[in-house]
Amino acid sequence: KGKCPEDGWDESTIELFLHELAIMDSNNFLGNCGVGEREGRVASGLVARRHYRLIHGIGRSGDISAVQPKAAGSSLLNKLTNSVVLDVIKLAGVRTVTSCFVVPMATGMSLTLCFLTLRHKRPKAKYIIWPRIDQKSCFKSMITAGFEPVVIENVLEGDELRTDLEAVEAKIKSLGAENILCVHSTTSCFAPRVPDRLEELAVICANYDIPHIVNNAYGVQSSKCMHLIQQGARVGRIDAFVQSLDKNFMVPVGGAIIAGFNESFIQEISKMYPGRASASPSLDVLITLLSLGTSGYKKLLKERKEMFSYLSSELKKLADNHNERLLDTPHNPISLAMSLKTLDETNDAAVTQLGSMLFTRQVSGARVVPCGSVQTVNNYTFKGFMSHTNDYPCAYLNAASAIGIKKQDVDVFLKRLEKCLKTFRKEAKQEKTINEISDANAATEQLED
């Protein structure tokens, strides 16, 4: 049926299935005689076994989705993977999605492929409207495609950074809709930025007849992000949404899913990919989804939500103990931020030093964001880089509850963070005492004089 099984398969069943697919490829035929330049020959047995002897990759030279006659097994693997992934995207919340395909590139290059496809539809267009998110790959995806990003600064609402819809519409009017390739919005992001106002942006795109591409990098694991995409497509326009394989399905980096609501447009994107492609990302995600089944994947999504609530409550307690606060970002379902105001006021270098201390204590993924850092990316200068705005009111630390996180991860992180913050408080107290003694000595010397 081309759907993800409800209950996961055991490893031996999956391996048997993959071997059955592999023997359909010509390079594995007994007595095969290959006289071409690409015959699925592999020098290393280890490499052959690593890929289950599925060596031909996917697609043909002119179309990544085309069936390759001498690689029937690999072609079937590709078709099945796309079908199973489509089923899981529907299960995760975007029920009206009609088409998707796995592409052997990470999210940034997959976005570039979408923009290059739109170039043929809108030859006059040279701008991409982009509500600011301080993440280099999504910014570079527009530059690499040859377009000029038009950065729309976010607006601060409470602690949250949200989409400035008025600025988006004003920019469309000033540049002219025909000169704009698309609006490039974002769902999953680091707090205190929250997902873009997708519904409103989708309506604006529909009203001005402008394509809309969504960077849904790690949004499949969030029912809220997927709901935003579903609603955006219902009330307005979303042409394609792109998500990472590694972040959403816990496979090695190297693949993404391009999905959408218009099957012909998604096929256009797949045909834009030049040449054949590696089957590795498709193989990885198919093995993973067959082993999990829909019940296993749903369980992971449920656990992630529970861990988000736990991380949120425990991080708030820790913040309160150190005269800090958990920033109020209810619209962000994955990432949290804790202020580092006290630390920042104590010592200019303390914030970045905390990041270094956490990293050396084997805490990965936590981001420490100081105030006022400046970064130049492809000749564009961003003030307050990493904070998604020029002047966020305070320095802060990010932590995320992503799929696969365990209670032990949260507990160890909080324990190590607590230790680091106590070290800073102790040092600050000692410094204060030293300063008080110095001031007292200076006052005594003045009296003696």
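This is a predicted model: local features need pLDDT of at least 70, side-chain atom pairs count only at pLDDT 80 or more; totals for chains, interfaces and linings use all residues.

Me: Which residues of α4 and α10 meet?

Reply: From α4 come Leu113, Cys114, Leu116, Thr117, Leu118, His120 and Lys121. From α10 come Phe265, Glu268, Ile269 and Met272. The contact holds 7 nonpolar, 2 polar and 2 charged residues.

Me: Why is Met109 called partly exposed?

Reply: Met109 belongs to helix α4 (residues 107-121). Buried needs under 20% relative accessible area, and exposed needs over 50%. Met109 has 43%, so it is partly exposed.

Me: How far apart are Met109 and Ala366, in sequence and in space?

Reply: In sequence, 257 residues separate Met109 and Ala366. In space the C-alpha to C-alpha distance is 25 Å.

Me: What makes β1 and β3 edge strands?

Reply: Take the sheet first. It is open and has 7 strands, in the order β1-β9-β8-β7-β6-β2-β3, with mixed pairing. β1 (99-103) and β3 (148-152) each have a single partner strand, so one side of each lacks a neighbour in the sheet. From one strand to the next, the twist averages 20°.

Me: How do you know that β2 and β3 pair?

Reply: Pairing takes at least two bridges. Strand β2 (residues 127-131) is joined to β3 by 5 bridges, and the two run parallel. Within β3, Val150 is the residue opposite Ile129. Helix α3 (residues 72-92) packs on this sheet and touches β1, β8 (240-244) and β9 (256-260). The direction of α3 makes about 120° with that of β1.

Me: What makes β9 mostly covered?

Reply: 5 of its 5 residues are buried. Both faces of β9 are covered. Ala256, Ile258 and Gly260 lie on one side, Ile257 and Ala259 on the other.

Me: How do you know that β9 pairs with β1 and with β8?

Reply: The threshold is at least two bridges. β1 and β9 have 5 bridges, in the antiparallel sense. Ser99 faces Gly260 there. β8 and β9 have 4 bridges, also antiparallel. Phe241 stands opposite Ala259.

Me: What makes β10 and β11 the edges of their sheet?

Reply: That sheet is open, has 3 strands in the order β10-β14-β11, and pairs antiparallel. β10 (335-339) and β11 (367-369) each pair on one side only. The average twist is 25° from one strand to the next.

Me: How do you know that β11 pairs with β14?

Reply: At least two bridges are needed. β11 and strand β14 (residues 396-400) have 3, in the antiparallel sense. Tyr396 in β14 is the bridge partner of Val369.

Me: Which helices pack on β14?

Reply: Helix α11 (residues 280-321) touches β10 and β14, and its direction makes about 0° with that of β10. Helix α13 (residues 350-360) lies across β11 and β14, at about 170° to β11.

Me: Where is Arg38, and what does it touch?

Reply: Arg38 is in the loop between α1 (11-22) and α2 (45-50). Beyond four places in sequence, Arg38 touches His56, Gln68, Lys70 and Arg276. An unreviewed UniProt entry annotates Arg38 as "binding site".

Key. Residues are numbered from 1 along each chain as its sequence is written. Side-chain values use heavy atoms; hydrogens and water are left out. UniProt positions are given in the numbering used here, feature names are shortened, and annotations may be inferred rather than shown by experiment. Contact means heavy atoms within 4.5 Å. Axes are lines fitted to C-alpha atoms, for helices over the stretch in contact, and angles run from 0 to 180 degrees between N-to-C directions. Buried means under 20% relative accessible area, exposed over 50%, partly exposed in between (1.4 Å probe, protein chains only). Ala, Val, Leu, Ile, Met, Phe, Trp, Tyr, Cys and Pro count as nonpolar, Asp, Glu, Lys and Arg as charged, and the others, Gly among them, as polar.
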